[in-house]
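This report describes a structure part by part for a reader who is new to the subject. Please keep the sequence and the model in view while reading.

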Amino acid sequence: MSFLQLNAISHVYLTKSAAKEAISDLSFSISEGEFVSLLGPSGCGKSTLLSIISGLLQPTEGSVSLQNKMIESPGERMGYMLQQDYLFPWKTIEENCYIGLKLLNKLTPEKKESTLALLESMGLSDVRHAYPDQLSGGMRQRVALVRTLATNPDLLLLDEPFSALDYQTKLKLEDLVFKTLKAHQKTAILVTHDIGEAIAMSDRIILLSPRPGKIAKIFHVPSQLQTMLPFDARNDATFSANFQLIWKELDSLEQSPT
Amino acid sequence: MNNLLLKKQHQQYLKKLKREKNEIVTWQIFILFVFLSLWELAGRYTWVDPLLFSYPTKIASLFLTKLQDGSLVLHTTVTLLETIAGFILGTLLGTLFAAILWWSRKASRISDPYLVVLNSMPKVALGPIIIVALGPGYISIITMGASISIIITTLVIFHSFHTVEPNYIKVIRSFGGNKKQVFREVILPASFPAIISTLKVNVGLSWVGVIVGEFLVSKQGLGYMIIYGFQVFNFTLVLLSLFMIAIFSSIMYLGVEWLERKLIKH
């Protein structure tokens with residue numbers, strides 16, 4: 001039985017001017033420990049899909065189940081990482097990392113300790129009493145990762161978490177997230193519009209077509225690239241061939257008049 | 001560049017900052033001095049009517065007399081307490097109403113036209129009704145002090161609640177946080193700057209409400225002193241009251257600024 005199962009998800013956005021179908025009859029499943037990327041042009045509903053998986057948004061039709069349990073509302077089984085860190089500027093780094101545990105009423109001394117250990121493993125223990133405005137963008141996104149992992153979620157949802165960073169920081173953070181997720185054996189879904197990032201990080205890439213969002217194609221990343229760190233994968237000889245392949249698919253999706 | 005040179009440059013920079021600050025303060029004192037001197041001379045040599053405009057030394061001597069007979073302390077204390085009570089009440093109730101409106105979108109949409117009307121209406125015009133309803137005493141005056149700031153506080157703080165970055169709310173919701181937790185962890189702390197800035201406005205508004213309230217009814221307070229001075233044509237007394245109001249409203253404003261520094265560090 002698969003870890004995460006999406007059954008015939010459709011979602012309609014209602015506005016005063018129209019009812020727009022954002023996602024149409026979309027189904028796929030993900031097995032435990034897998035890293036899957038959702039790739040597609042803008043308007044393919046990839047962020048909407050992530051909100052639905054997280055339970056933040058109820059789909060108009062269809063259902064999502066995680067380990068055979070239906071997802072109806074967000075909770076501790078999910079960790080959600082946003083495009084920007086959105087650390088609370090009035091809380092210290094440490095307090096920001098505890099927020100999930102606090103909300104779930106699970107802020108025990110043991111949990112605090114494991115969160116601090118996680119902070120330390122990311123090289124952030126020096127700044128635990130600092131405030132977010134004293135940190136660089138890369139450091140802040142690392143804190144956001146600790147905040148997401150602190151509640152020990154079963155599934156991580158990454159909504160373009162590297163898109164607001166400069167290129168060098170982005171490459172470093174990709175490696176860090178990859179290593180951390182593999183070390184904790186987490187299952188993850190990454191939403192991105194960056195082909196290179198999708199190949200470098202994931203095991204499988206689901207290509208979505210726009211208006212309404214549905215699955216256009218599924219790519220399996222070659223197994224040797226799957227195990228490599230994202231930075232090494234980007235430098236691998238097979239990387240650029242894969243890039244070209246997906247590039248052409250994506251290009252044809254954007255041009256086709258749907 | 002070596003350390004010694006850097007240090008020297010920094011010292012020079014600090015000196016320059018200090019010199020600029022001294023210059024500003026000197027100007028400020030100079031302007032005050034010139035203003036008071038001109039006023040004094042104008043009053044003494046009757047360039048202006050001293051009965052109307054009085055002059056600083058006359059006000060100062062009245063200040064000392066009133067201080068000695070204890071009436072100034074009494075009037076000032078009464079007004080100050082009424083103003084602080086009206087200020088706190090107006091701000092707290094305004095914030096509470098804003099929270100209710102934030103909680104229920106329907107309530108905010110229903111109350112919208114009423115808030116617009118209430119906001120544009122001059123609240124001091126309600127004075128006579130408030131006084132008849134609540135009796136001619138400090139309760140009426142505090143109510144006036146509060147009523148003048150409550151609607152604008154509600155509107156400003158509700159707007160701030162409503163414009164909090166939605167992704168902060170998403171962070172809380174993604175951990176399964178409920179509406180109460182969203183309010184406590186995000187909406188309220190994110191709105192502290194807006195709340196403080198309404199406090200600053202409310203300092204001035206509460207003084208207006210309380211002084212007008214005292215004009216209408218009271219037997220005590222600085223507003224009463226102004227009306228009394230006006231009735232017996234003693235404008236030195238009126239100016240003394242204005243001077244006291246200026247001093248204490250400035251102190252309240254500085255108090256709010258102090259609170260701002262305490263509350264909003266980041």
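## Terms and numbering

Helices (H or I, at least four residues) and strands (E, at least two) are DSSP runs, numbered from the N terminus. The model is predicted: local features need pLDDT of at least 70 and side-chain atom pairs count only at pLDDT 80 or more, while totals for chains, interfaces and linings use all residues. Residues are numbered from 1 along each chain as its sequence is written, and chains are lettered from A and ligands numbered from 1 in the order in which they are written.

## A residue of helix H9 in chain B

B:Glu185 is part of helix H9 of chain B. B:Glu185 counts as buried because it has 22 C-beta neighbours inside 10 Å; the term requires 20 or more other C-beta atoms within 10 Å of a residue's own, whereas 12 or fewer make a residue exposed and counts in between make it partly exposed, with C-beta atoms placed from the backbone.

Leaving aside residues up to four places away in sequence, B:Glu185 touches A:Ile99, B:Ile172 and B:Gly177. Contact here means that the C-beta atoms of two residues, placed from the backbone, lie within 7 Å. Between B:Glu185 and B:Ile172 there are 13 residues in sequence and 8.0 Å in space, C-alpha to C-alpha.

## Helices H8 and H9 of chain B

The axes of helix H8 (residues 166-174) and helix H9 (residues 179-190) of chain B come within 9 Å and cross at roughly 155°. Axes are lines fitted to C-alpha atoms, for helices over the stretch in contact, and angles run from 0 to 180 degrees between N-to-C directions.

From H8(B), B:Tyr168, B:Ile169, B:Ile172 and B:Arg173 meet B:Gln181, B:Val182, B:Glu185, B:Val186 and B:Ala190 of H9(B).

## The side of chain A that touches chain B

In chain A, 20 residues are in contact with 14 residues of chain B. Strand E6 (78-81) and helix H2 (93-103) of chain A are the elements that give two or more residues to this side of chain A. H2(A) provides the largest share, three residues.

## Helix H1 of chain A

Helix H1 (residues 46-54) of chain A is mostly covered, with seven of its nine residues buried. Among them are A:Leu49, A:Leu50, A:Ile52 and A:Ile53. Just after H1(A), A:Gly55 has a positive phi of about 90°.
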